[in-house]
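Okay, everyone, thanks for coming. Let me put the structure up and then walk you through a few things I picked out.

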Amino acid sequence: MNSKGEHLPDAHVASKAGTTASSGASRVAFFGGSFDPPHRAHLAVARAAQSALHLDSVLFAPVGAQPLKPAGSTASFHDRVAMTRLAIAGDPAFSVSLADAPNPSGTPNYTIDTLFALKHQLPAGAALFCLMGADSFLALRKWHRGAEIPFVVPLIVASRPGQRLGDLAEVLPPGLTLASECAALPPISPTALETCTLRDTSGNTAPFYLLPGLHIGISATAIRDEVHSESVRIPAGQGHHSDLPDAVFDYIAAHNLYR
């Protein structure tokens, strides 16, 4: 970890990511994405997952080079890391991870490689999950080795309100099927949680967790478009956006991002 509290990609994932490492019970979720910018929906998804699965830590990992976005992100990696750090400030269970930092070779970042690296870095007995929103899951069949990812670590997917299970089953990567209907788990937290089982063509199974009906309709693209359309620059500290933490909005204004 560096002086800013960020988890370095080649360092042991300790501190916040291993808050209960000594007992071997640490539960950590990797939450990757562009975070361009990080907004309140990202925080709501992370909080819902943390509550439902009793996570000790959620690692917010801005991606260096998204393979499915060849044009790259609008804001620089440095700015996206800085905004993410501001967005999660004050929540001791959330931390920034540089596990998906740009590769020195310039090659794309692949989630499966990052997850294998994190599993190797976590203490023995720790449980690693991969947290994603519905849009990411719907594109999983396009990901590099997407069919293998659920067997590396269990997926936690935040579905849209009213989303049918059949919609999710239809977009699974080739070779994957839902082994059974998802079942609602006993309400041990305020957040609803359903558990499913995925099966591959070899008969291997993996748990799959669904956070159903999160009422979140925030788009980073829409936020960028709104900021870009503002004809007058808003000074830092003098504006507000309902979908952004105030500190993130102030950073965008101070650094004149998305103009």
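**A quick tour**

So, let's start with contacts: if you take those in the protein between residues at least 6 apart in sequence, 70% of them join residues at least 24 apart. Keep in mind that this is a predicted model. In terms of elements, we've got 8 helices and 9 strands. The protein has 259 residues, and 45% of them count as buried.

Now, helix α1. That's residues 40-53, so 14 residues, and from the first C-alpha to the last the helix reaches 20 Å, close to the 20 Å expected at 1.5 Å a residue. Which residues of α1 are buried? Here's the list: A41, H42, L43, V45, A46, A48, A49, A52 and L53.

Next up, a helix pair. Helix α2, residues 77-88, packs against helix α8, residues 246-254, with the axes 8 Å apart and an angle of about 150 degrees. Anything over 145 counts as roughly antiparallel, so that's what α2 is to α8. And the handedness? The crossing of α2 and α8 is right-handed.

Who makes the contact? On the α2 side, you're looking at H78, D79, A82, M83, L86 and A87. From α8, there's A247, V248, Y251 and I252. Sort the residues in this α2 and α8 contact by class, and you get 8 nonpolar, 1 polar and 1 charged.

That's my tour, so over to you for questions.

Technical notes:
Residues are numbered from 1 along each chain as its sequence is written. This is a predicted model: local features need pLDDT of at least 70, side-chain atom pairs count only at pLDDT 80 or more; totals for chains, interfaces and linings use all residues. Side-chain values use heavy atoms; hydrogens and water are left out. Helices (H or I, at least four residues) and strands (E, at least two) are DSSP runs, numbered from the N terminus. Buried means under 20% relative accessible area, exposed over 50%, partly exposed in between (1.4 Å probe, protein chains only). Axes are lines fitted to C-alpha atoms, for helices over the stretch in contact, and angles run from 0 to 180 degrees between N-to-C directions. Angles under 35 degrees count as roughly parallel, over 145 as roughly antiparallel, 65 to 115 as roughly perpendicular and the rest as oblique. A crossing is left-handed if the near helix is turned anticlockwise from the far one by less than a right angle, and right-handed if clockwise. Contact means heavy atoms within 4.5 Å. Ala, Val, Leu, Ile, Met, Phe, Trp, Tyr, Cys and Pro count as nonpolar, Asp, Glu, Lys and Arg as charged, and the others, Gly among them, as polar.
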